[in-house]
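Please look at the structure below and follow the chain as you read.

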Amino acid sequence: MGRALRNRVAGALALALGVALTGWAAESPARAGAPTHQPAGPAKAPSAPPTPSLDAGHPRYAAALKVYQRIARAWGSGRPAPRLVVRPAADEGPARIALFQPDTQTVEIDEAVVELCETFGPQRDDALAVLLGHELAHHYRDHGWVGDFGVKFADLEASRGMKAAEGYEKLVKNETEADYFGAFYAYVAGYDTLTVAPRVFDAVYERFSLADKLGGYPSRQERKKIAEGRAAEIRGLQDLFDAGRLLLLLDEHRAAAAVFDRLCGEVPSRELLNNAAAARLLEVAASLGRLPVEAGSPPPAWALGMPVTFEMEARLGGGAGAPLRGGQGPEGDEVLSRLLREATDLLERACAMDDAYAPGRINLAIALCLRGEDWDMAAAQAKRAVKVAESAGDAALIGAARAVHGVAMYGAAMAGDEAERAAGLGAARAMLSRAAESCDAARQSLSLLEGKGRPPGAPPADPPSSREKICGMDFRAVDDVLEKHDRRLEVPLVARGGPAGKLVVLVRAGAGCRATVVQWADRAGERTVLSVWAGPGSDARTTGGVGIGSELAAVRGAFGSPVRMLEGSRGVYEVYQRPGLIFEIDRTGRVSSWGLFGVSQ
């Protein structure tokens, strides 16, 4: 999406959502909907006491805070999020609904709004994300209210004056940027804002008795229609993210890197930068991991397990890589060195956004280990990764950081003289032993150091052969999607600094399912990947009766062990190659969604 298209989206969304998402104020039906953003400019001392808030232990505050923090993390900015205030229902004064206060650095939402979102049942958090994502976007896009406007804006004469004012265009631009980026980053954080937003509009209008036609703005129905019409542009970014995740699940690393590169060009964030880099690291690992390891000798550092870490609802572990010396890699030094340079640059950008970003720090240490040029620097970066992971308190990240720290320590010891080696190897083993408590890669490394050899790799990727169907489509449904699809997106491919064709994403959405086809060409020829995914609440089941709600034991009983797993914030994706199936397993050990896939070339 270029700048012109983004501006067009912004203009339409301003009309679509305008008052509806930010700075709501419900004093009376005649004046309801007034934006309440404070003027831009130097912070001023508040003229009234701070807005009261529910206690942090209150269930409604906790629910709003969980959504708020996830969206803030998805932005990946080094700047802290504003303080969240949930104004108690008992507080006197007009309803504020949701607003960002730049002068006090707070985002406020009424308890009554949280209560209203509870009526959405399992989509409560999605509804909250519509409002909170928009307000956070104002903060991270450096928006403030333009001019010296107060909170009384819905008056017809006042709104007419605003339209004539020079600042009105900027107001609309800021509001619509917040709509656009708020919706995307809420999706990045795992919330389905697009499908729920129109219902949120209706619920808020009705609950707070807002007039259907506010002075100077489209009617409620017009807003909904424009929002629904322009949501396609935002869905395009979501389609690309889903395609990138699918490609990662199927080990199509280079194609995944191209997709995440495109996303980084549109909405750069630490997570997207990290994923683009991690795809490159896995491509290097896959290539160099095929090198033989001499039996009976201390293994080289590149043979140890390095847990490449993915973000944006997903962390993918596995693989090992090699220092780029001697041109031994199947790809040759030039290609692998370029991939590692690109990965390092992307990770440095991600860490510059947030110095305490653990996945980026872990992957940056892995990149330095793969390069094998400066083990002291690799060890220092890994040590930093351990520190930030421990601060985050995430056991999986702590294990991954310690695992790569152990690899870096091992590499430094092997590169040193004999006097340093014994002590260094002992320290490396100790670090890997600590990491092994929560990291498979560390356990792989210890097994190799104990002379047990490399763990067996994944079985050959046989093409799926399945009788499974979703919405009447099976893994051979490529032609159906090519002939009839709802959306088409293109991603340019680059090789050796020049154009190398394009990757095409086709999406076909139906009742209860969604089909995606990704096509591109690489050195192996033309490639096509298809997935058909059962939507939320779908009653589709496999021929063995496995579907949403089934226990993990039923999945394993029907299909055996997965060939790979992708862990995310909501659960784990498990890939079963031969039947061509992917299951998302939630934290309770049940299937929350599932799909089928096909690969051809």
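Q105 counts as partly exposed because its relative accessibility is 33%; buried means under 20% relative accessible area, exposed over 50%, and partly exposed in between, with a 1.4 Å probe and protein chains only. This is a predicted model, in which local features need pLDDT of at least 70 and side-chain atom pairs count only at pLDDT 80 or more, while totals for chains, interfaces and linings use all residues. Residues are numbered from 1 along each chain as its sequence is written, and side-chain values use heavy atoms, with hydrogens and water left out.

Q105 is found in the loop between β2 and β3. Helices (H or I, at least four residues) and strands (E, at least two) are DSSP runs, numbered from the N terminus. Although Q105 is not a glycine, its phi is positive, at about 55 degrees. Most residues other than glycine have a negative phi. C471 is not a glycine either and has a positive phi of about 55 degrees. C471 belongs to the loop between α16 (440-449) and α17 (478-483). With 42% relative accessibility, C471 also counts as partly exposed.

Now to the sheet. Three strands make an open sheet, ordered β1-β3-β2, with mixed pairing; two strands pair if DSSP finds at least two bridges between them. At the edges are β1 (83-87) and β2 (98-101), each of which pairs on one side only. From one strand to the next, the twist averages 20 degrees. Five bridges join β1 to strand β3 (residues 106-110) in the parallel sense. V85 stands opposite E108 in β3.

Which strands does helix α2 lie across? Helix α2 (residues 59-75) lies across β1 and β3, and runs at about 145 degrees to β1. Axes are lines fitted to C-alpha atoms, for helices over the stretch in contact, and angles run from 0 to 180 degrees between N-to-C directions. Helix α4 (residues 124-140) also packs on the sheet, where it touches β1, β2 and β3; contact means heavy atoms within 4.5 Å. The direction of α4 makes about 15 degrees with that of β2.

Helix α4 also meets helix α7 (residues 193-207): their axes come within 9 Å and cross at roughly 80 degrees. The two helices are therefore roughly perpendicular to each other, a term for angles of 65 to 115 degrees. In this contact, D126, A127, A129 and V130 of α4 meet T193, V196, A197 and V200 of α7. By class, the contact has six nonpolar residues, one polar and one charged. Ala, Val, Leu, Ile, Met, Phe, Trp, Tyr, Cys and Pro count as nonpolar, Asp, Glu, Lys and Arg as charged, and the others, Gly among them, as polar.

Methods. Parallel < 35°, antiparallel > 145°, perpendicular 65-115°, else oblique.
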